[in-house]
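Here is a short report for a reader new to this structure. Look at the sequence and the model, then read on.

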Amino acid sequence: RSEGLVEAAPNLGARVAALTTDDVLALYLVREVLDGLAARLATTRMSPAQWERIDVILDEMQAAAVVEDTERLAELNLQFHRLIRQAANNTYLNRFMEQVEHGVQRFSDTIFAYPGRGLDAVREHHEICDAMRAGDSARAERLAIEHAQRARQLKLKMLIEGY
(Lines give C-alpha, C1' and ligand atoms only; values in the text may rest on other atoms or scores of the structure.)
Protein backbone atom coordinates (compact mmCIF):
# COMPACT_ATOMS: atom_id res chain seq x y z
CA ARG A 1 0.00 0.00 0.00
CA SER A 2 1.41 3.33 -1.01
CA GLU A 3 -1.37 5.33 0.72
CA GLY A 4 -1.17 7.95 -2.01
CA LEU A 5 2.56 8.44 -1.60
CA VAL A 6 3.41 6.94 -4.99
CA GLU A 7 1.80 7.50 -8.35
CA ALA A 8 2.28 5.68 -11.63
CA ALA A 9 3.50 7.86 -14.48
CA PRO A 10 3.13 6.58 -18.07
CA ASN A 11 6.50 5.57 -19.51
CA LEU A 12 8.25 6.74 -16.32
CA GLY A 13 7.26 4.13 -13.76
CA ALA A 14 6.51 4.94 -10.15
CA ARG A 15 7.38 8.27 -8.58
CA VAL A 16 6.63 10.13 -5.37
CA ALA A 17 3.27 11.86 -5.69
CA ALA A 18 3.37 15.66 -5.76
CA LEU A 19 1.62 17.45 -2.92
CA THR A 20 -1.00 20.06 -3.61
CA THR A 21 -2.58 22.79 -1.53
CA ASP A 22 -5.61 20.51 -1.26
CA ASP A 23 -3.35 17.80 0.19
CA VAL A 24 -2.09 20.22 2.84
CA LEU A 25 -5.64 21.21 3.75
CA ALA A 26 -6.91 17.64 3.86
CA LEU A 27 -3.99 16.32 5.90
CA TYR A 28 -3.96 19.13 8.43
CA LEU A 29 -7.73 19.00 8.93
CA VAL A 30 -7.37 15.37 9.97
CA ARG A 31 -4.32 16.19 12.06
CA GLU A 32 -6.21 18.87 13.98
CA VAL A 33 -8.86 16.43 15.12
CA LEU A 34 -6.42 13.64 15.96
CA ASP A 35 -4.01 15.93 17.85
CA GLY A 36 -6.92 17.28 19.86
CA LEU A 37 -8.17 13.79 20.70
CA ALA A 38 -4.67 12.68 21.69
CA ALA A 39 -4.26 15.63 24.06
CA ARG A 40 -7.68 15.03 25.57
CA LEU A 41 -7.00 11.34 26.22
CA ALA A 42 -3.41 11.87 27.38
CA THR A 43 -4.55 14.41 29.98
CA THR A 44 -5.62 11.62 32.33
CA ARG A 45 -3.16 8.97 31.12
CA MET A 46 0.29 10.58 31.22
CA SER A 47 2.67 8.75 33.51
CA PRO A 48 5.22 10.56 35.70
CA ALA A 49 7.97 9.23 33.42
CA GLN A 50 6.20 10.63 30.37
CA TRP A 51 5.84 14.01 32.07
CA GLU A 52 9.55 13.99 32.83
CA ARG A 53 10.31 13.24 29.17
CA ILE A 54 7.92 15.98 28.00
CA ASP A 55 9.74 18.49 30.24
CA VAL A 56 13.10 17.49 28.75
CA ILE A 57 11.72 17.79 25.21
CA LEU A 58 10.27 21.23 25.97
CA ASP A 59 13.59 22.45 27.42
CA GLU A 60 15.46 21.14 24.39
CA MET A 61 12.92 22.73 22.04
CA GLN A 62 13.36 26.08 23.76
CA ALA A 63 17.14 25.87 23.35
CA ALA A 64 16.82 24.86 19.68
CA ALA A 65 14.31 27.65 19.02
CA VAL A 66 16.60 30.30 20.48
CA VAL A 67 19.39 29.36 18.04
CA GLU A 68 16.90 28.65 15.21
CA ASP A 69 18.03 25.04 14.77
CA THR A 70 15.10 24.09 12.54
CA GLU A 71 16.13 20.46 12.02
CA ARG A 72 16.41 19.85 15.75
CA LEU A 73 13.11 21.65 16.35
CA ALA A 74 11.35 19.45 13.81
CA GLU A 75 12.81 16.31 15.42
CA LEU A 76 11.83 17.39 18.93
CA ASN A 77 8.37 18.40 17.75
CA LEU A 78 7.85 14.86 16.43
CA GLN A 79 9.01 13.46 19.77
CA PHE A 80 6.61 15.75 21.64
CA HIS A 81 3.59 14.75 19.58
CA ARG A 82 4.55 11.05 19.55
CA LEU A 83 4.78 11.03 23.32
CA ILE A 84 1.34 12.57 23.69
CA ARG A 85 -0.21 10.11 21.26
CA GLN A 86 1.50 7.21 23.05
CA ALA A 87 0.20 8.49 26.39
CA ALA A 88 -3.30 8.58 24.89
CA ASN A 89 -2.98 4.80 24.83
CA ASN A 90 -5.32 4.17 21.91
CA THR A 91 -4.01 1.76 19.26
CA TYR A 92 -6.20 3.09 16.47
CA LEU A 93 -5.46 6.73 17.24
CA ASN A 94 -1.75 5.93 17.26
CA ARG A 95 -2.00 4.16 13.91
CA PHE A 96 -3.94 7.01 12.27
CA MET A 97 -1.58 9.62 13.72
CA GLU A 98 1.42 7.72 12.36
CA GLN A 99 -0.12 7.95 8.88
CA VAL A 100 -0.67 11.68 9.31
CA GLU A 101 2.90 12.08 10.56
CA HIS A 102 4.22 10.36 7.44
CA GLY A 103 2.12 12.67 5.30
CA VAL A 104 3.38 15.81 7.05
CA GLN A 105 6.98 14.63 6.64
CA ARG A 106 6.46 14.59 2.88
CA PHE A 107 6.32 18.37 2.80
CA SER A 108 9.64 19.70 1.62
CA ASP A 109 10.28 22.28 4.32
CA THR A 110 9.50 22.24 7.99
CA ILE A 111 7.34 25.08 9.26
CA PHE A 112 10.13 25.72 11.76
CA ALA A 113 12.00 27.38 8.89
CA TYR A 114 9.50 30.23 9.16
CA PRO A 115 10.87 33.05 11.35
CA GLY A 116 9.56 32.91 14.90
CA ARG A 117 7.69 29.63 14.53
CA GLY A 118 10.02 27.73 16.87
CA LEU A 119 9.42 29.99 19.86
CA ASP A 120 5.69 30.16 19.11
CA ALA A 121 5.46 26.35 18.94
CA VAL A 122 7.29 25.96 22.26
CA ARG A 123 4.87 28.42 23.88
CA GLU A 124 1.90 26.55 22.39
CA HIS A 125 3.29 23.21 23.61
CA HIS A 126 3.64 24.64 27.11
CA GLU A 127 0.04 25.86 27.03
CA ILE A 128 -1.19 22.40 25.99
CA CYS A 129 0.84 20.77 28.76
CA ASP A 130 -0.35 23.29 31.34
CA ALA A 131 -3.96 22.40 30.51
CA MET A 132 -3.15 18.70 30.66
CA ARG A 133 -1.40 19.04 34.01
CA ALA A 134 -4.40 20.94 35.35
CA GLY A 135 -6.59 18.02 34.30
CA ASP A 136 -8.52 20.21 31.85
CA SER A 137 -8.90 17.75 28.98
CA ALA A 138 -11.34 19.98 27.05
CA ARG A 139 -8.90 22.91 27.12
CA ALA A 140 -5.97 20.65 26.21
CA GLU A 141 -7.96 19.37 23.24
CA ARG A 142 -8.89 22.88 22.10
CA LEU A 143 -5.31 24.14 22.43
CA ALA A 144 -3.94 21.14 20.51
CA ILE A 145 -6.46 21.76 17.73
CA GLU A 146 -5.53 25.45 17.59
CA HIS A 147 -1.84 24.50 17.51
CA ALA A 148 -2.43 22.25 14.49
CA GLN A 149 -4.58 24.94 12.84
CA ARG A 150 -1.73 27.44 13.14
CA ALA A 151 0.64 24.87 11.63
CA ARG A 152 -1.77 24.39 8.70
CA GLN A 153 -2.10 28.13 8.14
CA LEU A 154 1.65 28.58 8.24
CA LYS A 155 2.32 25.66 5.88
CA LEU A 156 -0.15 27.13 3.38
CA LYS A 157 1.45 30.55 3.74
CA MET A 158 4.87 29.02 3.09
CA LEU A 159 3.57 27.26 -0.03
CA ILE A 160 2.05 30.49 -1.35
CA GLU A 161 5.19 32.49 -0.60
CA GLY A 162 7.40 29.80 -2.18
CA TYR A 163 9.30 29.06 1.00
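The buried residues of α6 pack against α1 (21-43), α3 (70-88) and α5 (117-133). Buried means under 20% relative accessible area, exposed means over 50%, and partly exposed lies in between (1.4 Å probe, protein chains only). Helices (H or I, at least four residues) are DSSP runs, numbered from the N terminus.

This is a predicted model: local features need pLDDT of at least 70, side-chain atom pairs count only at pLDDT 80 or more, and totals for chains, interfaces and linings use all residues. Residues are numbered from 1 along each chain as its sequence is written, and side-chain values use heavy atoms, with hydrogens and water left out.

**Helix α6**

Helix α6 covers residues 137-161 and has 25 residues. From first C-alpha to last it reaches 36 Å, close to the 36 Å expected at 1.5 Å a residue. That expected span is 1.5 Å times one less than the number of residues. The buried residues of α6 include Ala140, Leu143, His147, Ala151 and Met158. Glycine 162 follows α6. The phi of glycine 162 is positive, near 70 degrees.

Histidine 125 sits in helix α5. Its relative accessible area is 0%, so histidine 125 is buried. Leaving aside residues up to four places away in sequence, histidine 125 touches Leu58, Met61, Asn77, Phe80, His81 and His147. Contact means heavy atoms within 4.5 Å. Histidine 125 and histidine 147 are 22 residues apart along the chain, and their C-alpha atoms are separated by 8.1 Å.

Threonine 43 belongs to helix α1. Threonine 43 counts as buried because its relative accessibility is 9%. Its contacts, not counting residues up to four places away in sequence, are Met132, Gly135, Asp136, Ser137 and Ala140.

**Salt bridges**

Side chains of opposite charge can pair when their charged atoms come close. A salt bridge is a side-chain nitrogen of Lys or Arg within 4 Å of a carboxyl oxygen of Asp or Glu. A search of the whole structure finds 15 salt bridges.

Glutamate 141 is partly exposed, at 22% relative accessibility. Arginine 40 is also partly exposed, at 34%.

Glutamate 75 and arginine 72 both lie in helix α3. They are three residues apart, about one turn of the helix. Glutamate 75 is partly exposed at 40% relative accessibility, and arginine 72 at 28%.

Aspartate 120 and arginine 123 are three residues apart in helix α5, so about one helical turn separates them. Aspartate 120 is partly exposed, with a relative accessible area of 35%. For arginine 123, also partly exposed, the value is 39%. A network of salt bridges links Arg117, Asp120, Arg123, Glu124, Glu127 and Arg150.

**A nonpolar patch**

Which residues form a nonpolar patch on the surface? They are Val66, Val67 and Leu119, with about 290 Å² of accessible area together. Patches are made of residues with over 30% relative accessible area and no salt bridge; like charges are joined within 9 Å, nonpolar side chains (Val, Leu, Ile, Met, Phe, Trp, Tyr) within 5 Å. Accessible areas come from the Shrake-Rupley method with a 1.4 Å probe; for residues, only the protein chains shown count as cover. Leucine 119 is found in helix α5. Leucine 119 is partly exposed, with a relative accessible area of 42%.

Technical notes
Helix = DSSP H or I, 4+ residues; strand = E, 2+ residues; numbered from the N terminus.
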